Amino acid sequence: MLEMTDKIGLIGGTGPLGQGLALRWGLAGEPVWMGSRLQEKADKITLEINSKLNKQIIQPMTNKDCIQEADIILITTPFNFMIKTIEPLLPYLTEEKILVDVTVPLKPFEKGKMVDILSQIDLKAQSATELLRKVVPPSIPVVGAFKTLSNFTLRDIDRLPTLDQDVFIFSKDKEAKNRVKEKALKIEHLRPVDAGGTLSARHVERFTTFLIGLNRRYKTHDSGIKVSGLPTRKW
Ligand SMILES: NC(=O)c1ccc[n+]([C@@H]2O[C@H](COP(=O)([O-])OP(=O)(O)OC[C@H]3O[C@@H](n4cnc5c(N)ncnc54)[C@H](OP(=O)(O)O)[C@@H]3O)[C@@H](O)[C@H]2O)c1
């Protein structure tokens with residue numbers, strides 16, 4: 001089956017969130033294609049991650065090579081550069097590939113406060129995933145996921161070897177959602193939750209803003225979400 005062989009790529013994977021996801025997947029034995037605008041930067045970050053994992057499981061490359069090599073491609077750039085980054089790479093996308101939007105339309109403001117920047121980019125889109133969906137050709141599946149995971153929690157594999165959290169996955173494309181779910185399941189204890197269609201991004205992206213506020217109040221970086229009351233049946 002296709003999902004068994006799907007390769008994960010990270011566009012702009014050199015930042016804290018991309019590094020955290022690469023570490024978690026690497027820990028689980030899942031290879032990751034680490035993309036950057038600069039090959040040297042991808043090389044440096046990959047070396048650090050592979051050393052920490054004590055195995056050669058992350059592959060460094062440019063964003064352009066990454067989008068060609070990988071099947072499930074996460075966009076882990078800041079939100080305000082997501083469209084600018086992905087537009088020139090669109091010719092390399094094929095219908096079998098999946099684009100996963102991980103971005104949250106927030107930017108640090110004064111004294112560590114976060115400000116919503118969605119309206120500065122596009123007044124018509126109400127979430128980052130909807131904006132991406134509008135830009136990417138309809139034949140290419142777009143999924144939103146991993147938006148409520150903290151990079152600090154993800155990167156601290158020694159203190160937190162497993163993640164007891166939910167990850168919300170949403171898209172109108174059920175098969176694409178399933179293929180992303182299979183990758184989420186690789187990360188130990190992370191529970192994928194079928195969060196419906198693309199419009200769910202409006203809620204999920206606000207959860208992240210809320211979690212950042214909790215982190216500030218409780219002086220932590222680790223808050224996350226686990227929904228109670230969901231049946232234990234496997235999605
Ligand atoms: N940080 C978190 O805990 C967290 C949690 C949930 C969601 N998110 C979302 O995940 C995304 C990544 O977060 P992050 O904290 O890792 O972001 P980041 O460090 O600000 O950026 C990630 C990477 O994006 C690339 N990048 C930076 N500026 C760029 C530009 N002008 N054009 C193209 N690429 C650029 C850089 O890679 P290269 O220089 O190697 O190209 C950088 O290493 C964000 O959209 C964020 O909202 C983050």
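**Loops, core and helices of the model**

With 10 C-beta neighbours inside 10 Å, His189 counts as exposed; a residue is termed exposed if 12 or fewer other C-beta atoms, placed from the backbone, lie within 10 Å of its own, buried if there are 20 or more, and partly exposed in between. The structure is a predicted model, in which local features need pLDDT of at least 70 and side-chain atom pairs count only at pLDDT 80 or more, whereas totals for chains, interfaces and linings use all residues. Residues are numbered from 1 along each chain as its sequence is written.

His189 is found in the loop that joins helix H9 (174-186) to strand E10 (191-194), where helices (H or I, at least four residues) and strands (E, at least two) are DSSP runs numbered from the N terminus. The phi angle of His189 is near 75°, a positive value in a residue other than glycine. A positive phi in a residue other than glycine also occurs at Phe146, where the angle is near 65°. Phe146 lies in the loop between strand E8 (142-144) and helix H8 (151-155), and this residue counts as buried because 25 C-beta neighbours are inside 10 Å. A further loop, between strand E2 (32-36) and helix H3 (39-53), holds Leu38, which counts as exposed because it has 12 C-beta neighbours inside 10 Å. Computed along the chain in residue numbers, Leu38 and Thr162 are 124 residues apart in sequence, while their C-alpha atoms are 31 Å apart in space.

The largest nonpolar core comprises 55 residues, and those with the most contacts inside it are Val100, Ala145 and Ile169; such a core is a set of buried Ala, Val, Leu, Ile, Met, Phe, Trp, Tyr and Cys residues joined through C-beta atoms within 7 Å. Helix H2 (residues 16-27) gives the most to this core, contributing five residues. When neighbours within four places in sequence are left aside, Val100 is in contact (C-beta atoms within 7 Å) with Ile72, Ile73, Leu74, Ile75, Val143, Ala145 and Val180.

Helix H9 has 13 residues and reaches 19 Å from its first C-alpha to its last.

Helix H10 (residues 201-218) has 18 residues and reaches 26 Å from its first C-alpha to its last. In H10 the buried residues are Ala201, Val204, Glu205 and Leu211. When H10 is viewed down its axis, the buried residues fall within an arc of 105°, so they too line one face of the helix. Those buried residues of H10 pack against helix H7 (128-135), strand E8 and strand E9 (166-169), whereas on the other side of H10 the residues Phe210, Leu214 and Arg217 are exposed. Helix H10 is followed by Lys219, whose phi is positive and near 50°.

Definitions and conventions
Contact = placed C-beta atoms within 7 Å. Expected span 1.5 Å × (residues − 1). Arc of directions from axis to C-beta.
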